[in-house]
Amino acid sequence: MKSQWSLIIFTLLVQLAVGSTLVLSFINSQFFSKIADSLTHEITVRSLIIIVTSLFVAVISSFFHLGSPLNAHFSLNNLSSSWLSREILLIILFSTSILTYFLFEIMFPSNQHVRLTIAIISSILGIALLFSMSKLYMIETVPAWNTFLTPAKIILTTIILGTTSLLLILITGDYSNTNIVGDNLLFKSILHIVLIILFAELILFIVEIWTLKSGVLAELGSFKLITEDNSFTCYLHLFLFASSILLILYNLLIPGNKYSAPALLIISILVVLLQITQRYLFYASYNRIGI
Amino acid sequence: MNKQYAFYFDSSRCSGCKTCQIACKDKNNLEIGILWRRVYEVSKGEWKGKDGVWSHNIITYNVSLACNHCEDPICADTCPTKAMIKNENGIVTVDKNKCIGCRYCEWACPYGAPQYDIAKAVMTKCNLCEDYIENNKYPSCVDACPMRVLDFGDLQDIQNKYGHGKELYPLPKSSATRPAIVITNKEISIDINDLNAEILNGEEI
């Protein structure tokens with residue numbers, strides 16, 4: 001399969017948007033009564049700007065994948081059997097929900113319950129979108145994609161990108177005088193979540209390689225595509241795993257660490273690059289049964 | 001659906017001349033790089049020498065393959081615009097006025113039937129020479145074959161005449177999409193999961 005950068009950008013940005021929405025819902029549900037509403041509002045608005053921008057760029061990028069985008073209005077014709085049709089519908093619904101959330105947040109910031117309700121609806125639509133994205137790639141004739149690893153990787157990428165997005169918002173905002181980051185507990189918690197997900201992704205990668213190597217024709221073809229035809233990206237992927245895990249462990253294990261912004265920024269960049277190489281290798285592993 | 005049209009292919013007598021491939025390309029005026037019918041040269045085994053005597057365990061044959069107009073077409077199931085549909089004659093066709101060129105059908109089809117036309121930016125595929133069939137003619141590949149290894153007709157008639165053979169390396173198991181095709185294998189064929197067999201003319205296709 002030729003390089004699919006438009007799809008890599010699309011899927012990662014959609015996962016970022018859904019992940020950030022899930023994180024936002026969590027923050028709004030857990031913290032709106034505990035921290036100043038103005039602070040929740042500020043974090044929410046900044047997150048929503050990232051989400052809306054991500055969705056906009058994702059949709060534009062998806063059009064670059066199409067040969068005849070002017071026929072795109074036919075894309076909802078096969079909701080009865082095509083997961084791609086369903087994914088397109090859910091993107092539309094999710095984007096509409098997010099835009100509603102954004103407008104409501106700006107125009108009626110004091111209404112916490114409505115804000116939370118829209119956040120939950122957006123989260124549900126986002127999860128449905130991830131489900132359809134997983135099913136889209138679980139094509140029966142592509143053994144490397146038609147496993148539990150596909151939805152597992154999508155879910156983990158979604159959570160890690162959403163968490164990293166929150167981390168970047170906290171790094172770039174001045175919240176040092178608030179009780180969000182007063183004792184660095186929030187940064188520590190975020191790094192723990194990211195670390196657990198990274199270990200999970202590493203385990204899934206090893207399981208994937210081992211499963212493909214043990215398979216028959218099409219699976220072995222995928223194994224060779226990842227480890228031989230794309231060996232550089234494969235080694236880069238492992239390097240990014242090692243460096244991000246080690247950097248996180250270093251920050252967590254130093255006694256009294258203040259979690260400096262540059263260190264957290266480097267961790268965030270490494271995590272994002274790791275998700276990019278993971279998705280690149282996913283598309284590179286495409287090998288269908290038959291001819 | 002009234003009918004299910006189907007191809008028959010006799011691998012035991014195919015010489016690999018590729019006349020069928022050329023006839024299809026000529027009739028449909030296909031661009032370079034697009035082959036609605038493809039001829040694969042399949043081989044397994046080697047020559048071994050011992051005490052000055054050479055022997056071999058080679059199995060080799062040709063596979064001429066177009067679209068199999070599957071009874072359970074995965075391309076039509078996955079197509080988001082319903083550009084890819086199975087008509088009343090069982091022929092799977094693509095409507096270029098609806099196709100968005102996402103190539104999802106190309107990802108899914110295990111026979112490589114849907115092919116992307118870069119110039120037209122849409123998917124294209126074998127349509128069983130529908131226009132010929134409407135005028136009671138045979139598809140161009142069938143008529144062109146000098147070895148007479150290709151045939152065409154209603155699937156039931158083809159099965160009554162030639163049997164129910166469908167499995168042939170390198171094609172996938174027929175249970176995947178239930179292709180509307182009947183194949184006669186050589187007496188000695190290659191198992192569909194054989195790791196030591198190969199397609200010799202991959203770059204040509």
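Predicted model: local features only at pLDDT ≥ 70, side-chain atom pairs only at ≥ 80, totals over all residues.

Let's start with a sheet in chain B. This open sheet has 3 strands in the order 10-1-11, and the pairing is mixed. Strand 10 (150–154) and strand 11 (181–184) of chain B are the edge strands; each has a single partner strand, so one side of each has no neighbour in the sheet. From one strand to the next, the twist averages 20 degrees.

Now look at one of the pairings. Strand 1 (residues 5–10) of chain B runs antiparallel to strand 10 of chain B, and 5 bridges join the pair. Just as a reminder, strands of a sheet pair through backbone hydrogen bonds, either parallel or antiparallel.

This is where the angle convention comes in. Helix 6 (residues 155–162) of chain B lies across strand 1, strand 10 and strand 11 of chain B. Its direction makes an angle of about 130 degrees with strand 10 of chain B.

Elsewhere in chain B there is a hairpin to visit. Strand 3 (residues 47–50) and strand 4 (residues 53–56) of chain B pair in the antiparallel sense over 4 bridges. Across this pairing, Trp47(B) stands opposite His56(B). The turn has 2 residues between the strands, and Asp51(B) in that turn has a positive phi of about 55 degrees.

Finally, let's see how chain B meets its partner. Contacts link 38 residues of chain B with 37 residues of chain A. The area buried between the two chains is about 2,700 Å², with carbon and sulfur atoms giving 62% of it. On the chain B side, the residues that lose the most area are Ile100(B), Tyr104(B) and Trp107(B), together 29% of what that side buries. Across the interface, the rule finds 0 salt bridges, but 23 residue pairs in polar contact, both at pLDDT 80 or more. Helix 2 (74–78) and helix 3 (104–108) of chain B are the elements that give two or more residues to the side touching chain A. By class, that side has 25 nonpolar, 6 polar and 7 charged residues.

How values were computed
Residues numbered from 1 in each chain as written. Chains lettered and ligands numbered in written order. Heavy atoms only, no water. Pairing = 2+ DSSP bridges. Axes fitted to C-alpha atoms, helices over the stretch in contact; angles between N-to-C directions. Contact = heavy atoms within 4.5 Å. Buried area = accessible area lost by both parts, 1.4 Å probe. Salt bridge = Lys/Arg side-chain N within 4 Å of Asp/Glu carboxyl O. Polar contact = N/O pair within 3.5 Å; in protein donor to acceptor, adjacent residues only side chain to side chain. Nonpolar A, V, L, I, M, F, W, Y, C, P; charged D, E, K, R; others polar.
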